[in-house]
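Here is a friendly briefing to read with the model open beside you. Please have a look at the fold before going through the points below.

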Amino acid sequence: MSVRTHAGHVVDQFGAQASAYVTSAVHAAGADLDRIGALIRTMPGARVLDLGCGGGHVAFAAAAAGAAVTAYDLSGEMLAAVTAEAGRRGLDRVETRQGAAEALPFPDAAFDAVLTRYSAHHWRDVPAALAEARRVLKPEGLMVVCDAVAPEEPLLDTHLQAVELLRDPSHVRDYRVSEWRTMLAAAGFAPGQALASRPRMEFSSWIARMRTPEIHVAAIRALQTAAAVEVTRHFSIEADGSFLLDSVLIEARPH
Ligand SMILES: C[S@@+](CC[C@H](N)C(=O)[O-])C[C@H]1O[C@@H](n2cnc3c(N)ncnc32)[C@H](O)[C@@H]1O
């Protein structure tokens, strides 16, 4: 029986793979990053917080758009990789800070924008993290949540959470868009425009990034093979296990 905490799982899973997240094609580009860059360009001199920065792609997009960025993550190894990559890119307005999204070490109203991408599905307590984001955001500030999302249909939702958890013990939940809207509203945000996308998860690199044990890979493949046709069609599951992952970017403002 494991005695590791959830935060321990996150740090173990991501710390060892920091450079893989800096170079990951899935993470390094996308319409969501383009949208973040466009939004930040409309906010001259913005101070931006990137929650769960991972390999730093949101931080780099915001810094390239003119912001001063704090890249924040549980994993010190991720933050070291972000500092090194920011230096390579000549981005000198990216600083790092280590900690949990659920307890932010920043004063009230410290940031013009709080951004998070492909991290929240690992958080133990999303409502607490959103309340913290609301606290550190200026009243007229911008909150952007990007993450993998579950379809609203329980059949599809359950399949997605099952393969995600088999792949990665630090997975908590890909929330539905309806759940995100409810949680954002409860934390004091008015959720607005959403941008949906369906990036393709190439199976071998998807499991390699998380060092998924062979026995879990076999279980994922067994679930995919046995899945109902509604599931295989929705996720466009391919012969090698590659599939499309529903994702969303939601823009929200304090209300
Ligand atoms: C997939 S990576 C993020 C990718 C990155 N944001 C991007 O856009 O490329 C997930 C990151 O979330 C971090 N993380 C997970 N749970 C966290 C928490 N509760 N607080 C802060 N960071 C967390 C992990 O350490 C990991 O670096």
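Predicted model: local features only at pLDDT ≥ 70, side-chain atom pairs only at ≥ 80, totals over all residues.

**A sheet and what surrounds it**

Val 145 stands opposite Ile 250 in S9. Residues are numbered from 1 along each chain as its sequence is written.

**Overall make-up**

- The protein chain has 12 helices and 9 strands; both are DSSP runs numbered from the N terminus, with helices being H or I over at least four residues and strands being E over at least two.
- A compact globule of 255 residues would have a radius of gyration near 18 Å, and the protein chain agrees because its own value is 18 Å. The radius is taken over C-alpha atoms, and the globule rule is 2.2 Å times the number of residues to the power 0.38.
- Along the principal axes, the C-alpha atoms of the protein chain fill a box of roughly 50 × 35 × 35 Å.
- Of the 255 residues, 43% count as buried. Buried means that 20 or more other C-beta atoms lie within 10 Å of the residue's own, exposed means 12 or fewer, and partly exposed is in between, with C-beta atoms placed from the backbone.
- Among contacts between residues at least 6 apart in sequence, 77% join residues at least 24 apart; a contact has C-beta atoms, placed from the backbone, within 7 Å.

**The sheet**

- An open sheet of 7 strands runs in the order S3-S2-S1-S4-S5-S9-S6, with mixed pairing. Two strands pair if DSSP finds at least two bridges between them.
- The edge strands, each pairing on one side only, are S3 (94-98) and S6 (189-197).
- From one strand to the next, the twist averages 20°; axes are lines fitted to C-alpha atoms, for helices over the stretch in contact, and angles run from 0 to 180 degrees between N-to-C directions.
- S2 (residues 68-73) and S3 run parallel, joined by 5 bridges, and Val 69 has Val 94 in S3 as its bridge partner.
- S5 and S9 run antiparallel, with 6 bridges between them.
- S6 and S9 also pair in the antiparallel sense, over 7 bridges; here Ala 194 has Ile 250 in S9 as its bridge partner.

**Helices on the sheet**

- H7 (residues 126-136) packs on the sheet, touching S1, S4, S5, S6 and S9, and its direction makes about 145° with that of S5.
- H9 (residues 177-186) packs on the sheet too, touching S5, S6 and S9, at about 155° to the direction of S6.
- Which residues of H7 are buried? They are Val 126, Ala 129, Leu 130, Glu 132, Ala 133, Arg 134 and Val 136, and they pack against S1, S4, S5, H9, S6 and S9.

**Around the ligand**

- The ligand is surrounded by 22 residues, the closest being His 27, Gly 52, Gly 54, Ser 119 and His 122; the cut-off is a C-beta atom, placed from the backbone, within 6 Å.
- H1 (6-15) and H5 (57-64) are the elements that give two or more residues to this shell.
- The shell divides into 11 nonpolar, 8 polar and 3 charged residues. Ala, Val, Leu, Ile, Met, Phe, Trp, Tyr, Cys and Pro count as nonpolar, Asp, Glu, Lys and Arg as charged, and the others, Gly among them, as polar.

**A loop residue**

- Ala 16 lies in the loop between H1 and H2 (18-23).
- Ala 16 is partly exposed because 13 other C-beta atoms lie within 10 Å.

Terms used:
Contact = placed C-beta atoms within 7 Å.
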